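Dear colleague,

I am passing on the structure below, together with some notes on what came out of going through it. Please read the notes with the coordinates open beside them.

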Amino acid sequence: MYIPTTMLFVTPFVGLNIGCYGNITTATVHLYPGIDPVVLIFIIRDFRQTILRPFRCFYRSNSVENTATIRQYQQSSSKG
């Protein structure tokens, strides 16, 4: 991430003209803060499950598994 930005600032000092390619570096550096959380959301299981939960209601097998899990939780919490 830092190497392209450093090159963008150093090239004028050594007399190199990078032209419109400097815009690519600026755009990607500005996109990084928005894309980084998306990667983390899909790596961390709890975040991923929370994001994907609305889409699971379309699958019948997942809703049956969720119902069984809820029943097991209710039974275990009522015992204790």
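To begin with confidence, since this is a predicted model: among the elements of the protein chain, helix 3 has the highest mean pLDDT, at 86, whereas helix 4 (residues 60–79) has the lowest, at 63. Over the protein chain the mean pLDDT is 77, and 75% of the residues reach 70 or more. Where pLDDT is low, the predicted coordinates should not be read in detail. With its mean pLDDT of 63, helix 4 is an element to which I would apply that caution.

As for the overall make-up, the protein chain contains four helices and zero strands, so that, read from the N terminus, the order of elements is α-α-α-α. Of its 80 residues, 4% count as buried, and the chain exposes about 7300 Å², of which carbon and sulfur atoms supply 66%.

The helix pair that I looked at in detail is helix 2 (residues 21–43) with helix 3 (residues 45–56), whose axes come within 5 Å and cross at roughly 95°. Because angles of 65 to 115 degrees count as roughly perpendicular, helix 2 and helix 3 are described as roughly perpendicular to each other. On the helix 2 side the contact is made by Leu40, Ile41, Phe42 and Ile43, and these meet Arg45, Phe47, Arg48, Ile51 and Leu52 of helix 3. Sorted by class, this contact of helix 2 with helix 3 comprises seven nonpolar and two charged residues, with no polar ones.

One of the residues in that contact, Leu52, lies in helix 3, and its relative accessibility is 29%, which means that Leu52 counts as partly exposed. Between the C-alpha atoms of Leu52 and Phe42, which are ten residues apart along the chain, the separation is 9.6 Å.

A further residue to look at is Thr11, which sits in the loop between helix 1 (2–10) and helix 2. Is Thr11 buried or exposed? Its relative accessibility is 9%, and because buried means under 20%, Thr11 counts as buried. Leaving aside residues up to four places away in sequence, Thr11 touches Leu16 and Ile18.

With best regards

How values were computed: Residues are numbered from 1 along each chain as its sequence is written. This is a predicted model: local features need pLDDT of at least 70, side-chain atom pairs count only at pLDDT 80 or more; totals for chains, interfaces and linings use all residues. Side-chain values use heavy atoms; hydrogens and water are left out. Helices (H or I, at least four residues) and strands (E, at least two) are DSSP runs, numbered from the N terminus. Buried means under 20% relative accessible area, exposed over 50%, partly exposed in between (1.4 Å probe, protein chains only). Accessible areas come from the Shrake-Rupley method with a 1.4 Å probe; for residues, only the protein chains shown count as cover. Axes are lines fitted to C-alpha atoms, for helices over the stretch in contact, and angles run from 0 to 180 degrees between N-to-C directions. Angles under 35 degrees count as roughly parallel, over 145 as roughly antiparallel, 65 to 115 as roughly perpendicular and the rest as oblique. Contact means heavy atoms within 4.5 Å. Ala, Val, Leu, Ile, Met, Phe, Trp, Tyr, Cys and Pro count as nonpolar, Asp, Glu, Lys and Arg as charged, and the others, Gly among them, as polar. pLDDT is the predictor's confidence in each residue, from 0 to 100.
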